[in-house]
Amino acid sequence: KHIVSGSVDKTIKVWNLDTWKEERSLEGHTESVSAVAVTPDGKHIVSGSFDKTIKVWSLDTWKEERSFEGHTDSLLAVAVTPDGKHIVSGSDDKTIKVW
């Protein structure tokens with residue numbers, strides 16, 4: 001069992017709930033990570049940042065697989081649809097986008 005967190009240090013942390021220890025730190029955003037979500041299949045993390053990007057990370061390889069740009073201000077929320085086919089993001093630019 002794991003939990004995922006975003007941080008002002010620009011990283012996404014993956015924590016082991018049994019040991020309460022950090023297992024991974026994912027780097028790639030250039031500003032604070034303000035939102036994270038895990039896909040329904042448990043294979044990817046989606047992160048949103050004040051750098052105005054959304055990134056998709058593989059939990060198998062621990063690498064960034066894709067980056068989305070399109071918001072003009074900081075990301076405030078990210079979610080993945082129950083079928084895992086779309087990402088929904090909310091931004092301080094007062095828009096919601098479906099990717």
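1. Let's start with His71, whose side chain makes a polar contact of 3.2 Å with the side chain of Thr95. Keep in mind that this is a predicted model. A polar contact of 2.7 Å also links the His71 side chain to that of Ser89.

2. Where does His71 sit? You'll find His71 in the loop between β7 (64-69) and β8 (75-80). Is His71 buried or exposed? With a relative accessible area of 6%, His71 is buried, because buried means under 20%. Setting aside neighbours within four places in sequence, His71 touches several residues, including Lys52, Asp93 and Trp99.

3. Now look at Ser49, in strand β5 (residues 44-49). Ser49 is buried too, at a relative accessible area of 0%. The Ser49 side chain reaches the backbone nitrogen of Asp51 at 3.0 Å. Beyond neighbours within four places in sequence, Ser49 has contacts that include His29, Val33 and Leu75.

4. How many salt bridges does a search of the whole structure find? It turns up three. One of them pairs Lys55 with Glu64, with the closest N and O atoms 3.4 Å apart. Lys55 is buried at 9%, while Glu64 is partly exposed at 36%.

5. Lys13 counts as buried at 14% relative accessibility, whereas Asp9 is partly exposed at 40% and Glu22 is partly exposed at 38%.

Notes:
Residues are numbered from 1 along each chain as its sequence is written. This is a predicted model: local features need pLDDT of at least 70, side-chain atom pairs count only at pLDDT 80 or more; totals for chains, interfaces and linings use all residues. Side-chain values use heavy atoms; hydrogens and water are left out. Helices (H or I, at least four residues) and strands (E, at least two) are DSSP runs, numbered from the N terminus. Buried means under 20% relative accessible area, exposed over 50%, partly exposed in between (1.4 Å probe, protein chains only). A polar contact is a pair of N or O atoms within 3.5 Å; within protein, one must be able to donate a hydrogen and the other to accept it, and residues adjacent in sequence count only if both atoms are side-chain atoms. Contact means heavy atoms within 4.5 Å. A salt bridge is a side-chain nitrogen of Lys or Arg within 4 Å of a carboxyl oxygen of Asp or Glu.
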